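Q: Can you walk me through a structure? I'd like the overall layout and then the core.

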Amino acid sequence: MLAQVIPAADAIPVNWWWFQILLLLTFLLHLILMNFILGGSLITLWDTFKKKPAPEGNSIPTLIALTINLGVPPLLFVQVLFGNFFYTSSVLLAGPWIMVIPVLIITYYGAYIYVFKKTKSPVFSRVSLLIASIFMLFIAFMLVNNNTLLLTPERWGIYAENKSGWFLNLSEPTLWPRYLHFIIGAVAIAGLGKAGFYHFKKVTPPDLQKQEKQRGLKIFAFATMIQVVIGIWFWLSLPEPIWKHFMGGNTFATFWMMLGILITLAGIFTATRGLFVATISIALFLMINMIIIREIVRHQYLKGAGAPSALAVTGETGSLIMFLAVFLIGIAMIYYMIKLIFKPKHT
Amino acid sequence: MNYPIWELPSLGGGTLIAIIAVTHAFVAHFAVGGGLFLVLTEIKARRNNNPQLLGYVRSHTKFFLLLTMVFGGITGVGIWFIISLVQPAATSFLIHQFVFAWATEWVFFIAEIIALLIYHYRFDKMNPKDHIAIGWLYFIFAWLSLFVINGILGFMLTPGQWLETRDFWQGFFNPSFWPALVFRTGIALSIAGMFGLITATFLKEKALRQYLYTLNTRWLFFPFILIAITALWYLAILPSDAEANLLRFNPAVKPYFTIWVITTALIFLTGITFLVKLPLTFQRFTVFILVLTGLGWMAGFEYTREIARKPYVIYGYMYSNSIKHSDMDSVNRTGFLKSAKWSDIKEVTADNMLDAGNELMRMQCLSCHTLGGNNDIVSRTSHLTERGMEAKITGLGSFSEYMPPFAGTGEEKEALAAYIMREIHGKEAPESYQAKVKEETVTVPPFNDNNKYVLLAWNDLGMHCISDNSDYWSFLPPANTLWAQLIRRGPKPQVISQGVEIHYEVEEGYRHPEKHVDFWKNAQKTYGADLETGIGLAGKGLAGSMDPHTHQAYIAKLIPVIPYRDDGTYNPYPLFEITARDENTGETLAATKVVAPTSTEMGCRNCHQGGWRVNDYSGIADMTAENILNVHDRIEGTQLMYEVESGNPVLCQRCHADPAIGAAGKKEVLNFSTAIHGFHAHYLKEMNGDACNLCHPSMPSGNTQCLRGRHASLGLKCTHCHGKLEDHGLALIKNEARFGKPRAAKLSKNLQPRSVETFADVVPRQPWLQEPDCISCHTNFDIRSRKTAPTGFNNWVDGSNSLYRNRTDTHGVMCAACHGAPHAEYYAINKYGEDRDNIQPLQYMPIAGTIGTKGNCKVCHTKEMEVNGHHRNMLKPYPRIKEPAETTVFE
C-alpha cells in the first residue's frame with residue numbers, strides 16, 4: 001500500500017556513497033555554524049537582557065551568511081539520496097515550510113539590526129535579536145519536522161484530509177525529543193564557541209576573558225548533561241526495532257552509540273575541568289558520532305522503502321570531476337583570500 | 001502524477017514561483033553586475049586619488065552586501081523551496097541530473113560570500129591592490145555562479161541534443177546557453193546602474209552626486225545594445241514551436257510582452273532625467289520609479305521566457321503538469337487516475353464521476369491554472385457546454401500547442417468536463433434532446449401510361465443548411481438549387497431541352513421567408529447584394545421559371561426557401577410543385593413534386609453554448625454567435641465582434657475563399673471548408689459520424705436527419721464517403737498546403753490520419769468540387785459486398801464536372817434524375833413522412849426506389865429493356881425493395 005504512494009526516485013550520476021559522504025561532511029560544517037548562530041543567539045540574548053557585554057554577538061550576521069551557505073550542500077545531497085521522500089514531506093508541510101524563507105530573511109536582517117543598532121537604539125537592537133532567535137527556533141523546528149516526516153511514509157495519509165499544506169505533524173512521537181535534543185545541543189556547542197571566541201580574541205580586562213571562556217565551557221557542560229537525558233528520551237521514542245538496533249540489534253550501531261555516550265561523559269568531565277582544547281576536540285568527535293547515528297536511524301527508517309543503495313546509477317562521472325576540480329580551485333582561492341586578510345597593510 | 005499536489009486553488013503555485021523568482025532574479029543580476037561596478041569604480045577612485053568617490057564605493061558596498069547577500073541570497077534558496085513544492089517532479093529531475101553543476105555553483109557561492117565579506121569588512125584595512133583583487137574575485141565568482149545557473153535554466157527551455165543522448169555536457173551547454181548568458185550579463189550591468197542611482201541619490205555632495213548620476217546612467221543604458229542584439233540571437237535559437245507559440249498563438253504572453261516593452265521605454269525615460277539637474281526629492285522619487293520599472297522589466301522578460309517554454313517544464317521531456325512526454329501513451333491507455341500515485345480515486349464510475357473530475361482537475365490543470373486567480377480556468381471555460389468542454393480538452397496540445405495534451409482515458413476526459421461544467425460552473429447535466437417531429441402525408445401526383453412525358457426533379461445537394469443568425473455572421477444563405485429533366489416517353493425516349501417552360505413553386509406557408517429570417521435585412525452588408533425581399537442571390541424567388549442548362553436540363557439556382565412556416569411550425573423539407581408546360585400553347589405536359597431540403601439545425605450550440613434561436617432546435621442563438629466570434633477574435637487577433645457591434649455583420653467568406661458561394665477570400669487565408677474542418681478536427685478526434693452530427697443537421701435525434709438515403713438505411717455514415725473528420729480535414733489542408741498557406745502546416749501537424757498510414761498518403765481535395773463518386777465504392781457499378789466497411793475517402797473525382805450531382809450518362813440523362821439527390825438517394829426515409837423524398841418513384845412506378853428499378857424501364861421506354869443502356873449492371877435480380885432493416889453496423 002505504502003509503496004504505491006512513495007514517488008519513484010530519479011537516477012543518480014555516480015555511486016551513492018559519494019553523496020552520502022558529502023552529505024555527512026557538509027552537514028557537519030552546517031551544524032557547527034548553525035549551533036553557533038542558534039545557540040549563540042540564545043546565549044547572547046540572555047547576556048544582553050542581563051545587561052552583560054556580548055562582543056561575540058557581532059559575528060552573528062557573518063556566521064548566518066556562512067550557515068545558510070553551508071546549508072545548501074546538505075539540502076542538495078539529501079534531495080539526491082532521499083528526494084522522493086523529502087519533496088513529499090515538504091508538500092505535506094508546504095505552508096509552514098515555505099514560511100521559512102521570509103522568516104529567514106527577517107532573521108538575517110534582524111541580526112544585522114542587532115549589531116548596527118547596539119549603541120544607538122539598544123532596545124530596538126535587543127528586540128531584533130529576540131525576534132531573530134525566535135525565528136531561528138521556528139526554522140529549526142521546520143527542518144526537524146520535515147526531516148522527520150520524510151522518514152514516516154505511513155503518516156502521509158494526512159494528505160487525504162489536508163491538501164493545503166497547513167500541517168505540523170505534531171503527533172509524531174519523536175518530534176519533540178528530537179527538536180529539543182538539537183536545540184539544547186546548539187546551546188552546548190555555542191557555549192564552546194563562546195569559549196573559543198575568548199580563547200583566541202584578546203579582550204580587556206584579562207579577567208573578563210578568562211571568566212567568559214570558563215562560562216562558555218560551563219554552558220557546554222551543563223547543556224550536555226541535559227542532553228544525556230533528552231538524548232535517551234529521543235532514543236527511546238524511536239520505533240522499537242530502530243532503538244533496539246542501537247541496543248544490541250546491530251554490532252556497529254551499538255558500539256558507535258556506546259562510544260558516543262562515553263565521549264559525552266568525557267566531554268562533560270573536561271568541560272567542568274575548564275580544559276578548552278580537550279573539550280573542543282571531544283565535541284567535534286561527538287558531533288561526528290551523532291551525525292552518523294542520525295544517518296543510521298534514517299537508513300533504518302527507510303530500509304526497504306527507499307534505500308539509497310537501490311538508486312539507479314547513470315555513470316555520468318564528467319560532472320563529478322568538474323566539481324572536484326572546481327572545488328579544489330575554490331578552496332585554493334578562499335585560502336588565498338583569507339591569507340590576504342592577515343596580510344599587514346602598508347601605509 | 002508521482003507527487004502529492006499542494007492545493008492553492010486561488011493563488012496558484014505558479015504565481016508564488018513568479019513572485020519569488022522575479023524578485024530574486026532582479027537582485028541576483030545586481031549581485032553580478034554590481035560587483036563589476038564596485039571594483040571598477042574603486043579602481044577609478046584610487047587611480048584619480050578621489051577619496052570622495054572611494055567613500056561612495058565603501059557605502060555602496062554596505063548597501064550591496066545588505067541587499068544581495070541577505071535578500072538576494074535567501075530568495076535564491078526561496079526559488080529552490082518553492083519549485084520543490086509546486087513542481088517536485090521536475091525539481092527532482094533537475095537536481096539529480098545537475099547535482100554536480102549545482103555543487104559547482106555552490107563553490108562559487110561560498111567564494112563569492114567570503115570575497116564580499118572581506119571586501120566590505122576589510123575595506124580600509126587592506127592594501128589597495130589586494131582589496132581590488134578581492135573585488136575582482138568577487139565579480140568573477142558571481143559571474144561564474146550566473147554561468148552555472150544559466151546552463152540549467154537554459155536546459156529547461158532548449159535541452160537540445162540531450163533529448164537523444166542524455167549527455168550532461170550537451171544538456172548544460174545547450175542551444176540557448178550562450179545567447180542567454182550574454183543577454184543576462186547585459187541585464188546585470190544595466191541593473192547595476194539602476195541600483196547605483198539609488199545610492200547616488202543619498203549622497204550629500206552635489207558634484208559627486210551628479211558625477212555618479214552620469215556614471216550610473218551609462219551603466220544603465222549602454223548594456224541595452226548588448227541586450228538588444230542578444231535578444232534577437234536568443235529568439236533565433238528557440239525551437240520553432242516555442243517561437244510560434246510565443247509570437248503568435250499563446251494569448252497569455254500578450255500582457256507580459258506589453259509590460260516588457262513599456263518598462264523598457266520607461267527605463268530610458270526615467271534614466272534620462274538623471275542627466276539633467278533636477279531637485280533631489282524629485283530624483284529620489286524617480287529612482288524609486290526606475291527600480292520598480294526595472295523589477296517590472298525583469299518580470300516581463302522572465303515571464304515571457306517561461307511562456308515560451310510551455311507546454312513543458314523541461315522542453316520535450318516533461319510537461320508543466322509533471323507528466324513525462326514519454327509516459328503519455330501508457331497513461332492514456334492505463335488511465336491517469338490509475339497511474340497517479342496520490343489520487344484518491346483510481347477509476348471513474350457512474351457514482352464518483354464528479355469527484356474523479358475533481359482529482360483530474362487538481363492533478364493536471366491546477367499546476368498552471370487557478371480558480372478565479374491568475375490564469376483563471378473559470379473565465380476560460382464559461383462559454384462552453386459540457387460537450388464543448390470535452391472537445392476543448394481533446395484539442396489541448398493539438399491546436400493550442402502551448403497546452404499539454406490531456407492525459408487519460410475517454411471516461412476520464414468526460415469526468416473532467418463534467419466536473420468543470422457542473423461543479424465549477426454550476427450547470428445542469430446535459431440532457432439529450434429528441435426533436436418532436438410531426439409527420440405529414442404527401443399526395444403523390446398522378447401518372448398513367450397515357451402520360452407522354454416523365455418529369456424528373458431533384459435538389460442538387462440533397463441538403464442545404466442555412467447559418468441562421470445573419471445579424472452576427474453568415475456563411476450559408478438561404479439558397480436551394482433545383483434541377484429538372486423532362487423526358488418524352490417512347491421506344492427511344494428523348495430528353496427535352498427546348499420548347500418547354502419548367503415552372504416551380506413552393507407549397508403554401510413558405511412563400512414569405514422574409515417574415516422569419518433577417519437575411520434580407522443584412523444581405524447588402526454580408527453578401528454585398530441588393531436583394532428584393534424573397535428573392536435569392538441568383539435572382540430566383542419562391543416561385544418562377546427554371547432556366548435551361550447545358551446538360552439538357554433545367555435549373556433554378558439559390559431559391560431562398562427556409563424551413564420556417566408561416567404557421568410557426570418547422571419542416572426542413574418543403575415541397576415544390578414542378579410543372580412542365582409547352583412554351584407556345586401553355587399546355588401542361590407533366591407535373592411532379594420534389595423536396596427542397598433546407599435546414600437551420602446548425603449544431604454550433606452543442607459546444608459553443610447558447611441554445612437555439614428558434615423553437616428548441618433550429619437557428620443559431622445570439623449567444624452562440626457571439627461566443628464563436630469571440631473565440632475567433634481571441635485566436636486570430638481579429639476584431640469581428642467589434643465589427644458586429646458597430647452594425648456590420650460578418651461574412652466568413654470575406655476572408656475564407658469558398659467555391660460554394662463563389663467567394664475569392666483572401667489569398668493567404670485558408671478556404672472556408674479547410675479552416676472550419678481542419679480547426680475543429682483537433683477538437684473532435686477519434687469519432688465517426690457522430691462528429692459530423694455535432695454540427696451538420698444529421699443528428700438522428702435532431703429535427704432534420706439529413707442523411708436519409710439508401711446508403712444511410714444500410715448503416716453507412718457520413719464518414720464512409722467523406723472520411724472521418726481528421727482525414728476529411730487533412731485532405732483539405734493538404735490541398736491548401738500546395739499553395740503554401742502558412743496555417744496549413746500548423747493545422748495538419750497534430751492530426752493523425754485514420755484510414756491511411758501517414759499524411760503523405762492523403763490525397764488532396766478541393767472543397768465542394770471534389771467528392772467521392774459512386775465508382776469509388778461500386779467499382780464497375782457492382783453492388784458492393786457488405787463484408788468490409790466501404791470508404792470513399794481518398795477516391796475523389798477530378799473536378800466539379802465529374803461529380804455525381806453534375807454528371808450525365810451517355811444519353812444525356814443526369815445520374816441524379818434517376819437515383820435521386822445526394823444524401824437522399826432512392827429510396828430515402830424521411831423523418832417528416834417516410835416517402836417524402838420518394839415522390840417521383842412512387843408517382844411513376846409506383847415503387848420507392850431508383851427510377852426504372854425492378855424492370856421498370858418502361859417508365860421512359862414504354863417497354864421492358866434487355867440491355868444495360870445507361871450503365872453497367874442495371875438489369876439484375878434485385879433484392880426486395882424495402883427489406884427489413886438489415887443494417888450492417890460499419891465502423
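Predicted model: local features only at pLDDT ≥ 70, side-chain atom pairs only at ≥ 80, totals over all residues.

Q: How many helices and strands does chain B have?
A: Chain B has 33 helices and 15 strands, counted as DSSP runs (H or I, at least four residues; E, at least two).

Q: What box do the C-alpha atoms of chain B fill?
A: Roughly 130 × 55 × 45 Å along the principal axes.

Q: And what share of its residues is buried?
A: Of 891 residues in chain B, 57% are buried, meaning under 20% relative accessible area with a 1.4 Å probe, protein chains only.

Q: Switching to the core: which residues have the most contacts inside the largest one?
A: A:Met337, B:Ile314 and B:Phe336, in a nonpolar core of 265 residues. Such a core is a set of buried Ala, Val, Leu, Ile, Met, Phe, Trp, Tyr and Cys residues joined through side-chain atoms within 4.5 Å.

Q: Which helix gives the largest share of this core?
A: Helix H3 of chain A (residues 60-92), with 20 residues.

Q: What does B:Ile314 touch?
A: Leaving out residues up to four places away in sequence, B:Ile314 touches B:Ala90, B:Phe93, B:Leu94, B:Phe155 and B:Met156, with contact meaning heavy atoms within 4.5 Å.

Terms used: Residues numbered from 1 in each chain as written. Chains lettered and ligands numbered in written order. Heavy atoms only, no water. Buried < 20%, exposed > 50% of the residue type's maximum accessible area, 1.4 Å probe, protein only.
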